[in-house]
Amino acid sequence: MTEKFSLPKGWRWVKLGEVCEIIMGQSPPGSTYNKESKGLPFYQGKADFGNVFLLPPSTWCTEPLKIAEPNDILISVRAPVGQANICSERCCIGRGLAAIRAKKDVNLWFVFYFLRFIEKEIATLGSGSTFPAISKFQIYNLKIPLPPLFEQERIVSKLQELMQQIDRARSACEKQLEAAKALPSAYLREVFESEEAKRWERKRLGEVCEILKGKKPELYDNKKSEAMIPYLTAEVIRFGSTPKWCLKSDKNSVVVDKDEIIIIADGSNSGEVFTGYTGVLASTMGKLKINKNVSKDYLYFFIKMNFKELNTPKRGSATPHLDKDIFYELSIPLPSLSEQQRIASYLKEKMAYIQNLQSAIQKQQSAINALPQAILRKAFRGEL
């Protein structure tokens, strides 16, 4: 890794191996592993990493070959390459890790934060092979900007203060997002479980709608044309996967347009409903044929509220499956059509508000998540 920017007076570029000892891990014989806390904790790679410190050990070793000491930095040297953690106890390290031990006049946290700063660049050193890995030579030759020890300590103190502030902001954002995610259910319950709703006429879902299950037609890849229509699977609808295509004229197909309700009929998300899609439904999907005196949007929101009740394993199976009997027997409160439409309009407004709120929080999260790299960049240019 080359020197990429000029340094303040008193700083110098050094190779990591000149200021740190590097110990490459080595896996001991499998017969020396155990789960009974005998010997030293044994860590093998990135799977053992937490955010900063190692996770609690799950394996121990009675005959360690390579040992890391408390306050060593552990770096992942086999796929995925480049991530680093701090070692808090004496342990055995396997070949997926290397220990970096700071020498005199080097602050281990200063080195740790710099490795975090160049993590993506380190990862590129392991590219170009079937199983990405980096060598001791490559770790040794990593260039690090090094100020005097007192300046390292000042920078580390400032970085730790700022990172704690970022962690608090990130935690607050996560709580806000969780609260926002709970709002749809709250608004739906407000309508469908209200005292007023208890006075409305009730009917079974089977009296107001019918499920038309999809059928698998002949499929074509990358054949988009006027004669073709997307093939809608749960993956296409839920994750935006690229659809395959089929002929519009296929008489065996169940076609849905953007104004109709689609329901997942099989799999872990059975009972989940969607609108706004046009295409041919897969056999794991269905669409609702709705009576004229029922608002489509009102029905959509009611089914959305009852998703968990509909998402039940089929009898004799551990896999969730939309049981038509349960679906058709589900009781729905039905006010007048005009009241249904008013309620649907109210819920649409609330859902749009929630979507905007979640988008705003997610943008804030993205900004917070970008802060560590920006702060580290300033720190290692001597601008902090």
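An open sheet of four antiparallel strands runs in the order E13-E20-E17-E18. Its edges are E13 and strand E18 (273-274), each of which has a single partner strand, so one side of each is left without a neighbour in the sheet. The model is predicted: local features need pLDDT of at least 70 and side-chain atom pairs count only at pLDDT 80 or more, while totals for chains, interfaces and linings use all residues. Residues are numbered from 1 along each chain as its sequence is written, and side-chain values use heavy atoms, with hydrogens and water left out. Helices (H or I, at least four residues) and strands (E, at least two) are DSSP runs, numbered from the N terminus. Two strands pair if DSSP finds at least two bridges between them.

Within this sheet, strand E13 (residues 209-213) and strand E20 (residues 285-290) run antiparallel and are joined by five bridges. Ile211 has Leu288 in E20 as its bridge partner. Strand E17 (residues 262-264) also runs antiparallel to E20, with three bridges between them, and here Ile264 stands opposite Met285 in E20. E17 pairs with E18 too, in the antiparallel sense over two bridges. In that pairing Ile262 stands opposite Phe274 in E18.

Another open sheet of four strands has the order E15-E14-E19-E16, and its pairing is mixed. Strand E15 (245-247) and strand E16 (255-256) are the edge strands, each pairing on one side only. Strand E14 (residues 228-232) and strand E19 (residues 279-281) pair in the parallel sense over two bridges. The bridge partner of Tyr231 in E19 is Val280. In general, strands of a sheet pair through backbone hydrogen bonds, either parallel or antiparallel.

Three bridges join E7 to strand E8 (residues 84-86), and the two run antiparallel; Leu74 stands opposite Asn85 in E8. E7 also pairs with strand E10 (residues 97-102), in the antiparallel sense over four bridges, with Ser76 opposite Leu97 in E10. In a regular strand the side chains alternate between the two faces of the sheet. Both faces of E7 (residues 73-76) are covered: Ile73 and Ile75 on one side, and Leu74 and Ser76 on the other, are all buried. Buried means under 20% relative accessible area, exposed over 50%, and partly exposed in between, with a 1.4 Å probe and protein chains only.

The loop between E10 and H2 contains Lys103. Lys103 has 42% relative accessibility and therefore counts as partly exposed. From C-alpha to C-alpha, Lys103 and Glu18 are 8.7 Å apart in space, although they are 85 residues apart in sequence.

The crossing of H2 and H11 is left-handed, a term for a near helix turned anticlockwise from the far one by less than a right angle, with clockwise giving right-handed.

Aromatic contacts come next. Rings of Phe, Tyr and Trp (its six-membered ring) pair if their centres lie within 6.5 Å; planes under 30 degrees apart count as stacked, over 60 as edge-to-face and the rest as tilted. The count by this rule is 14 aromatic pairs. One of them is the stacked pair of Phe117 and Phe380, at 5.8 Å centre to centre with 25° between the planes. Phe117 is in helix H2 (residues 108-117) and Phe380 in the segment after helix H11 (337-379), so that distant parts of the chain, 263 residues apart, are linked. Both Phe117 and Phe380 are buried. Phe192 and Phe302 form an edge-to-face pair, 5.4 Å centre to centre with 75° between the planes. Phe192 lies in helix H5 (residues 149-192) and Phe302 in helix H8 (residues 296-305), so this pair ties together parts that are 110 residues apart in sequence. Phe192 and Phe302 are both buried. Phe53, Trp109, Phe112 and Tyr113 form one aromatic cluster.

A charged side chain also meets a ring: Arg381 lies over the face of Phe5, at 4.4 Å from the ring centre. A charge sits over a ring if NZ of Lys or CZ of Arg is within 6 Å of the ring centre and within 35 degrees of the ring normal.
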